[in-house]
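Colleague: I have a few quick questions about this model, if you have a moment.
Modeller: Of course, let us look at it together.

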Amino acid sequence: MTQTCRNQKQQQRDAAFARRASIVAEDAGARAARRFLDAFPALDDKTISLYWPLGSELDTRPLLQALHDLGVACALPVVERKDHPLAFRRWTPETVLEPGAFNVLVPAKTADYVTPDFVITPMLAFDAAGYRLGYGGGFYDRTLEKLRDGVECCAIGFAYAAQEVARVVTDSYDQRLDYIVTEKELRKIT
Ligand SMILES: Nc1nc2c(c(=O)[nH]1)N(C=O)[C@@H](CNc1ccc(C(=O)N[C@@H](CCC(=O)O)C(=O)O)cc1)CN2
Ligand SMILES: Nc1ncnc2c1ncn2[C@@H]1O[C@H](COP(=O)(O)OP(=O)(O)OP(=O)(O)O)[C@@H](O)[C@H]1O
């Protein structure tokens, strides 16, 4: 990645961080969960990775609970090494969470490792082409590249509708999303 691209990404990240923190949308997590569940009704034999919400990220807990209640296997991401793909550990409502890298809560070491069929990603911003901007660790880009090598893996961005921008700054490593779910709509990226 060039220095110019890195600077542009950082500028967009700062602006997106401030914008997301100012969004007010009541029950957005529950509304987005309903859109997701309406679009993907038959997931019983699948494993889905969500994220445990951090700061002003759209709340995934209504969707986690609903998927668990439907019998879908849920997982959460774990940073095991910088500059490496994420690992995933199984989550149930009984799972003990503990602080991991970057102070994100992750399932305790007793939780099984799993490989997700669906990866729901957090993001600072997204665009209509399905590009996303994260915190800059490159974790989801590396993870999706690895998961998509061979098996089918569907990436779904989960965010407030107001996080959409005209164009996310991209580099050659950026992995595109297959779907974007917000409190307002579920969009398939073509
Ligand atoms: N909820 C959540 N879980 C996640 C991610 C994420 O973005 N969100 N990750 C995505 O890769 C991985 C963890 N990696 C992370 C990398 C950087 C930062 C980070 O820079 N955080 C900011 C501010 C956080 C806030 O308050 O909103 C910081 O520490 O300054 C966080 C997580 C896996 N789990
Ligand atoms: N598959 C990959 N292989 C090698 N380097 C990568 C890969 N994916 C991303 N990177 C590098 O990781 C760094 C961070 O990438 P980027 O700024 O796109 O992160 P991000 O998408 O905002 O973060 P995240 O995916 O963690 O939410 C960049 O230097 C990028 O070139």
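This is a predicted model: local features need pLDDT of at least 70, side-chain atom pairs count only at pLDDT 80 or more; totals for chains, interfaces and linings use all residues.

Colleague: Where is glutamate 94 found?
Modeller: Glutamate 94 sits in the loop that runs between β3 (87–91) and β4 (97–99).

Colleague: And is glutamate 94 buried or exposed?
Modeller: Glutamate 94 has a relative accessible area of 64%, and because exposed means over 50%, this residue counts as exposed.

Colleague: How far apart are glutamate 94 and aspartate 141 in space?
Modeller: Their C-alpha atoms are 30 Å apart, while in sequence the two residues are separated by 47 residues.

Colleague: Switching to ligand 2, which residues come nearest?
Modeller: Lys9, Arg13, Arg132, Gly134 and Phe139 come nearest, out of the 17 residues around ligand 2.

Colleague: What about polar contacts?
Modeller: Arginine 13 places a polar side-chain atom 3.0 Å from an oxygen atom of ligand 2, and a backbone N or O atom of glycine 134 lies 2.8 Å from an oxygen atom of the ligand.

Colleague: How much of ligand 2 does the protein bury?
Modeller: The protein buries 85% of the 650 Å² that ligand 2 exposes when taken alone, and the space that ligand 2 takes is the largest pocket.

Colleague: Which elements give two or more residues to the shell?
Modeller: Those are α1 (3–21) and α4 (139–147), with α4 giving the largest share, 5 residues. By type, the shell residues divide into 8 charged, 5 nonpolar and 4 polar.

How values were computed. Residues are numbered from 1 along each chain as its sequence is written. Chains are lettered from A and ligands numbered from 1 in the order in which they are written. Side-chain values use heavy atoms; hydrogens and water are left out. Helices (H or I, at least four residues) and strands (E, at least two) are DSSP runs, numbered from the N terminus. Buried means under 20% relative accessible area, exposed over 50%, partly exposed in between (1.4 Å probe, protein chains only). A residue is near a molecule or strand if one of its heavy atoms lies within 4 Å of it. A polar contact is a pair of N or O atoms within 3.5 Å; within protein, one must be able to donate a hydrogen and the other to accept it, and residues adjacent in sequence count only if both atoms are side-chain atoms. Accessible areas come from the Shrake-Rupley method with a 1.4 Å probe; for residues, only the protein chains shown count as cover. On a 1 Å grid over the protein atoms alone, a cavity is a set of points where a 1.4 Å probe fits but cannot get out, and a pocket is an open set with protein on both sides within 12 Å along at least five of seven lines; lining residues have an atom within 4 Å of a point. A molecule sits in a cavity or pocket if more than half of its atoms lie within 2 Å of its grid points. Ala, Val, Leu, Ile, Met, Phe, Trp, Tyr, Cys and Pro count as nonpolar, Asp, Glu, Lys and Arg as charged, and the others, Gly among them, as polar.
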